[in-house]
Amino acid sequence: MVGAGFDGETWDVALTGDGGVVVGGFFDEFDGVFRRNIAKLGADGSLDGSFVVGSGFDDGVLALAAQDDGKVIAGGAFRSYGGVSAGGLVRLNSDGSRDPSFDVGTGFNGDVWDVAVLDDGDVVVAGSFTTFDGVSAIRMVRLNADGSRDTAFDVGAGFNGEVRTVAVDSKGRLVAGGLFTTFGGGSANRVVRLEPDGSRSPSFALGQGFDGPVYSVAVQADDSVVAGGQFTAVDTVASPGLARLGPGGTPDPSFSVGSGFNSPVQVVVAQPNGKLLVGGAFTLVDDVPSNRLVRLGVTRNWTAFSPARTVSPVVVSGLTNGVTYTIRLRALNAGGSGGASNSGTGIPVSVPAAPPAPDVTAATSSCDVRWSAGDDGGSAITQFVVQQRIAEGEWTEVFSGDALAYTATGLDVDAAHTYRVAAINAVGEGAYSESSSECILAVPLPLSAPTIVSVVGGDRQLTVGFTAPDSDGGSPVTNYEYLLDDGSGDGSLDPSFVVGSGFGSSVYSLAVQPDGRVVAVGVFRTFDGVSANRIVRLDADGGRDGSFVVGAGFDGETWDVALTGDGGVVVGGFFDEFDGVFRRNIAKLGADGSLDGSFVVGSGFDDGVLALAAQDDGKVIAGGAFRSYGGVSAGGLVRLNADGSIDPSFDVGTGFNGDVWDVVVLDDGDVVVAGSFTTFDGVSAIRMVRLNADGSRDTAFDVGAGFNGEVRTVAVDSKGRLVAGGGFTSFAGNGSRYLARIEPDGSNDPSFAIGTGPNNWVYAVAVQADDSVVAGGQFTAIDTVASPGLARLGPGGTPDPSFSVGSGFNSPVQVVVAQPNGKLLVGGAFTLVDDVPSNRLVRLGVTRSWTAFSPARTVSPVVVSGLTNGVTYTIRLRALNAGGSGGVSNSATGIPVSVPAAPPAPDVTAATTSCDVRWSAADDGGSAITQFVVQQRIAEGSGPRCSQVMPSPTPPPGWTSMWRTPIGWQQPMPSVRVPIPSRAASASRWRRCRFRLRRLCRWLVVIGS
């Protein structure tokens, strides 16, 4: 359903392989939705919202051609698409974005009227133009698949008038129609056939040609040409509006349209059955009312068998499989031909052709095999057969059915699996396809992370409850391992990281490679006394990596660095050259430090690049002070493809009105941007905004009044919260001095309580695994706690008292990187750290290591023992399987505790009528003692008992509870005076009293004896 349809003229249409319909013309809307001059509809006629055209074409689209890969070539009168220059021709990806791999330079100086995609991927373009990319191309040119000119095709002097239409015959020759009357200086009235090299086809003899414009041509199976237009005759033969020419160019006398079409024919389509669809402005065809669309049949001539056939059956060959033919016979004798037989129908058929080679994709424990059908031989394919071969073994059938996909399971890891496909129809089984590429299974990974749900402290141990990983990666979990942090990381220098005499000037940014090597950029020109112009790579222990050779390096400051998945290093800053080669403000280096020439930046950025972020797909987002890239407007932010070209699918509109200082790509593809700006694309965005993956604003994120000063740095914690640092003193109306944490919706996180905060600018933040925040900058204290240049805050925002940098850094810290082992790389302008010479780069912290359970543990809960009671531990888990370790769980904390140890035996002193009992405390088991319990036992014999001072639980047999007291009793030593029985008559004797203690925690458990 097309609803309200288009609000203007539609000029061309192309069908895509997914059932879509792409339409071009002169319009602004489809069914009320803005789609300027191009739109894609689904198979049901509704607008395809996944085909995003932005601001569309600035003028009409006259020609469309769909490629087999889903891309669409559009030609016309336009000069731009989506605000980017496009000189009359552009290729669009299946999502409507511009395909940068198809580059036509400055394009055409006139209108493009028709486009034809050849079997080899070349593109023929025809129109009113006379130049292509500034070079002569008189109204026709052939382009390579990348948009460059195919110099093997040359029309020389070309056409003297517009070429409106072009078609391709079975021999690759081009049939052109239009308003021209000459080609290459010779007469060619409105139709001409060209050879594959662009020269005129001499075998196409059209005589006087057409007496009026030709708007459409179609080539039939036998290379006959059907032309439609505004003419009344061809080579003096009357044929108003439509004519058919034989393969030699002469009018076909068997084809007649009678009195013809009363208005011009605009389009002709030759159908596989030989019939013709004809459309245009006409209302009469051969005086029969026919409003603007008709289908015409085709007259066939009688053909005698050669050599002669006189007995049944006879064979008619040279036909097309799958086409329904109607056939009649008549006999011949000396007197001529006899009467015609009845009509019969038949369809030539064969077994299907071999399908194309299947595509294979290796999954964790399977191979996904997908294929497409080839020629069905004229009979519908009913089944496919898939065969598999392992290494160089025999082919074995593994699937048969009507699907176009098969998943092979139960395969051997590391073995090469190949596949081929054959099709079956009513005639039989066709040939097998070429073999697929090899499918080699990976080691069974990835293994996802478990989730800790509880931590209970016990005596020198933690009992950890967890839920298993959502995915075991195709291999069962065999064990878990844990990482413990007791908070003892103290911020001290790591003596194993040795940079020699260090850097000659400031380090601005660091990037750590997966192998632990560190790329550093900044203002420096030397490292450890040797030349290193603004970039150097260090080994994991701080020494210079001699395999990274940068030659003369950069001729200006480098401000940020990002690592790409192919091992490349992208660097941004304020420079003109790298190693003597022009690369203004951005360059990409290879893994060996040499310039990557495939990353082409043209004229580069017109001002400095301050922030870089590499995506998983190899694209790089650059932000900074610039307003253009390669001469194209780019308001402070742009995304570049892996070859350095602008990615048109990332559209930030007018961009930012100030500098971009930091860019972070989130796990979902969204992009957080921070800086000194106050608007994005003309709308308020006070120094921070979140963008969707296509560059549009993510309206679910709103910072409201935002920051009252520059935001220099942003990091993301495990809960998706953003930690921002900079020169601000408030955020969203809240006092947030130089540091703030922001919820995923853009609001202030009130649980991040930093008190008075840092006392000066924050230039760098890093979030550690437990969501602790490490901040570096120009401050000397945080919340009045001295910590010059660097501080660590707990997840709640309070300074971590276990982390101390002593007298700290003597100049600002510019960059902090939290490494997976808990250590910190810190760079900046400093030369002293805690009064120790440390030129601009140090490593701090304590190494933690993963410990596997022994024996192995695979079910919840697990017990971590050998700990210290009363210490707060942070713990994380990860699972192990045959492929290695999986993802890391959330962090959780717990404190090992036990009941108190038995106190030492009490001291007793006998008085006249009482006993004084005194004792001291022992180990509290990790939990503060809240109470003591005193018990008394009286030796056997007669006489009065000591009275009970305070009620007590029933004592063990032979003991009497006499008294209990809280630990807070104000005496030098807890004690009690117990009355002693008096001396009796001569028959009496003294009773001896002994005492023992027990100490109460919360559960009043007797632990003494």
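This tour visits several sites in turn, stating at each what to select and what is found there. The structure is a predicted model.

**Stop 1: a salt bridge pair around Arg-173**

Begin by selecting Arg-173 together with Asp-169 and Asp-223. Arg-173 forms a salt bridge with Asp-169, in which the closest N and O atoms are 2.7 Å apart. The side chain of Arg-173 also meets that of Asp-223 in a salt bridge, at 3.6 Å from N to O. Arg-173 is located in the loop between β16 (163–168) and β17 (174–178), while Asp-223 is in the loop between β21 (214–219) and β22 (225–229), so this pair ties together parts that are 50 residues apart in sequence. Arg-173 counts as buried because its relative accessibility is 10%. Asp-169, at 6%, is likewise classed as buried, and Asp-223 is buried at 5%. The count of salt bridges in the model comes to 33.

**Stop 2: Lys-823 and Asp-494**

Next, select Lys-823 and Asp-494. Their closest N and O atoms lie 2.7 Å apart in a salt bridge. The two residues belong to distant parts of the chain, 329 residues apart: Lys-823 is in the loop between β75 (813–818) and β76 (824–828), and Asp-494 is in the loop between β44 and β45. Lys-823 is buried, with a relative accessible area of 9%; Asp-494 is buried as well, with 8%.

**Stop 3: Ser-506**

Now move to Ser-506, in the loop between β44 (479–485) and β45 (507–512). Is Ser-506 buried or exposed? Ser-506 is buried, because its relative accessible area is 13%, and buried means under 20%. Leaving aside residues up to four places away in sequence, Ser-506 touches Gly-522, Val-523, Phe-524, Gly-828, Ala-829 and Arg-840.

**Stop 4: a nonpolar surface patch**

Select Phe-305, Val-314, Val-316, Leu-319, Ile-327 and Leu-329, which make a nonpolar surface patch of about 430 Å². Within this group, Leu-319 is found in the loop between β30 (293–296) and β31 (325–327). Leu-319 counts as partly exposed, at 37% relative accessibility.

**Stop 5**

β65 pairs with β66 (residues 722–726) over 5 bridges, and Val-714 has Ala-724 in β66 as its bridge partner.

To end, select Asp-717, Lys-719, Arg-721, Arg-741, Asp-749 and Asp-771, which are linked in a network of salt bridges.

Technical notes
Residues are numbered from 1 along each chain as its sequence is written. This is a predicted model: local features need pLDDT of at least 70, side-chain atom pairs count only at pLDDT 80 or more; totals for chains, interfaces and linings use all residues. Side-chain values use heavy atoms; hydrogens and water are left out. Patches are made of residues with over 30% relative accessible area and no salt bridge: like charges are joined within 9 Å, nonpolar side chains (Val, Leu, Ile, Met, Phe, Trp, Tyr) within 5 Å. Accessible areas come from the Shrake-Rupley method with a 1.4 Å probe; for residues, only the protein chains shown count as cover. A salt bridge is a side-chain nitrogen of Lys or Arg within 4 Å of a carboxyl oxygen of Asp or Glu. Helices (H or I, at least four residues) and strands (E, at least two) are DSSP runs, numbered from the N terminus. Buried means under 20% relative accessible area, exposed over 50%, partly exposed in between (1.4 Å probe, protein chains only). Two strands pair if DSSP finds at least two bridges between them. Contact means heavy atoms within 4.5 Å.
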